[in-house]
Amino acid sequence: MLVGCAATRRDPRAGAIAELGSTGTLRAAINFGNPILASRGADGAPRGVSVDLAREAARRLGLAVELIPFSSAGSVVDAVKTRTVDLAFVAIDPVRAADMEYTAPYVIIEGAYLVRNDSPLRRNEDVDRAGTRIAVGRGSAYDLFLTREIKSATLVRAATSPAVTDLFLSQNLEVAAGVKQQLEADAKRVGDVRLLPGRFMVIEQAIGVPKGRTAAQAWLGGFIEEMKASGFVAASLQRHGIEGAAVAPTRTAT
């Protein structure tokens with residue numbers, strides 16, 4: 001009985017370390033295709049809330065961390081599937097849930113539409129019409145969402161999310177869809193375009209690990225709740241100058 005009680009009180013980090021550090025290093029996927037989560041500083045070094053969280057998780061687990069760069073969410077998801085990374089910072093989506101375990105969200109961001117200034121489209125509800133072509137980033141959260149929800153419009157997929165606006169312009173498409181902050185930056189860069197008011201979806205960003213790594217998921221779930229409640233996530237967003245992204249609500253234990 002004493003042995004059993006000791007086992008149940010075992011440090012919950014032990015299972016997480018075994019699942020996340022099997023190579024001796026915590027391999028964290030960093031998606032530079034989403035500027036809310038990560039970008040490169042003036043010195044080329046990765047920065048952002050996902051970078052801060054990856055480093056803090058590794059520190060708490062006593063593991064070295066390797067930040068593995070990606071340019072699109074789709075390639076990040078593929079890396080999780082093939083287990084070439086140990087954790088990733090991705091948007092929650094039911095399609096992806098077939099291949100990974102999620103924590104609760106730590107950040108909430110918005111999906112928005114971009115159109116030309118002279119476009120007749122004025123509302124998000126106007127977009128899903130026959131003849132409307134929407135540029136999206138292949139494999140992104142909003143690509144998966146719009147694939148399920150769009151009934152009449154046509155999706156045209158760019159290789160990465162940062163390439164969406166340029167594809168929209170080069171192919172003379174009617175709409176570009178993406179993370180609101182990315183589209184706002186693109187609007188300033190290219191001019192003669194505008195965002196439709198509001199949002200077409202809410203994107204919940206979480207940490208994902210390969211399917212079946214439930215010990216890692218459990219530890220990371222508690223870690224994320226602490227990072228939200230302590231102000232770590234909010235401070236990281238502020239430090240990196242991220243506007244328009246909200247810290248996800250803290251989930252209370254049941």
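Author: A residue counts as buried when its relative accessible area is under 20%, as exposed when that area is over 50%, and as partly exposed in between. The model shown is a predicted one.

Reader: Is Phe200 buried or exposed?

Author: The cut-off for a buried residue is under 20% relative accessible area. Phe200 has 14% relative accessibility, so Phe200 counts as buried.

Reader: How many aromatic pairs are there, and how is the pair of Tyr113 and Phe200 classed?

Author: A pair of aromatic rings is described by the distance of the centres and the angle of the planes. The count comes to 4 aromatic pairs. In one of them, Tyr113 and Phe200, the centres are 4.4 Å apart with 20° between the planes, and the pair is stacked.

Reader: Why is the pair of Phe145 and Phe200 classed as tilted?

Author: Planes under 30 degrees apart count as stacked, those over 60 as edge-to-face, and the rest as tilted. The ring centres of Phe145 and Phe200 are 6.2 Å apart and their planes stand at 35°, so this pair is tilted.

Reader: How far apart in sequence are the parts that Phe145 and Phe200 tie together?

Author: Phe145 counts as partly exposed, because its relative accessibility is 21%. Phe145 belongs to helix H5, while Phe200 belongs to the loop between E11 and E12, so the parts tied together are apart in sequence by 55 residues.

Reader: Which residues form one aromatic cluster?

Author: Phe200 pairs with Tyr113 and also with Phe145. The one cluster is therefore made of Tyr113, Phe145 and Phe200.

Reader: Which residue lies over the face of Phe168?

Author: Here the partner of the ring is a charge, and the cut-off is within 6 Å of the ring centre. At 4.4 Å from the centre of the Phe168 ring, the residue over its face is Arg116.

Reader: How many cavities of 30 Å³ or more are there, and how much space lies in the largest cavity?

Author: Rolling a probe the size of a water molecule over the atoms shows where empty space is left. The count comes to 1 cavity of 30 Å³ or more. The space in the largest cavity is about 210 Å³.

Reader: Which residues that line the largest cavity are the closest to its centre?

Author: The lining of the largest cavity has 14 nonpolar, 9 polar and 2 charged residues. Helix H4 (73-81), strand E5 (87-91) and helix H5 (141-149) are among the elements that each supply at least two residues of that lining. Of the 25 lining residues, the closest to the centre are Asn34, Ser140, Tyr142, Ser161 and Val179.

Reader: Which side chain does Asp86 join in a polar contact?

Author: Asp86 lies in the loop between H4 and E5. Its relative accessible area is 0%, so Asp86 is buried. At 3.4 Å, the side chain joined to that of Asp86 is the one of Arg213.

Reader: What is phi of Asn172 near, and what is phi of Asp192 near?

Author: Most residues other than glycine have a negative phi. Asn172 is found in the loop between H6 and E10, and Asp192 in the loop between H7 and E11. Asn172 counts as partly exposed because its relative accessibility is 49%, while Asp192 is exposed because its relative accessible area is 56%. Both values of phi are positive: near 55° for Asn172, and near 60° for Asp192.

Reader: How far apart in space are Gly33 and Ser72?

Author: Gly33 is found in the loop between strand E1 (25-31) and strand E2 (39-40). Its 7% relative accessibility is under 20%, so Gly33 counts as buried. Gly33 and Ser72 are 39 residues apart in sequence, and from C-alpha to C-alpha they are apart in space by 4.9 Å.

Notes:
Residues numbered from 1 in each chain as written. Predicted model: local features only at pLDDT ≥ 70, side-chain atom pairs only at ≥ 80, totals over all residues. Heavy atoms only, no water. 1 Å grid on protein atoms, 1.4 Å probe; cavity = no way out; pocket = protein on both sides within 12 Å on 5 of 7 lines; lining within 4 Å. Points joined across faces, edges and corners; volume = space filled by probe spheres on them. Helix = DSSP H or I, 4+ residues; strand = E, 2+ residues; numbered from the N terminus. Nonpolar A, V, L, I, M, F, W, Y, C, P; charged D, E, K, R; others polar. Phe/Tyr/Trp six-rings, centres within 6.5 Å; stacked < 30°, edge-to-face > 60°. Buried < 20%, exposed > 50% of the residue type's maximum accessible area, 1.4 Å probe, protein only. Lys NZ or Arg CZ within 6 Å of the ring centre and 35° of its normal. Polar contact = N/O pair within 3.5 Å; in protein donor to acceptor, adjacent residues only side chain to side chain.
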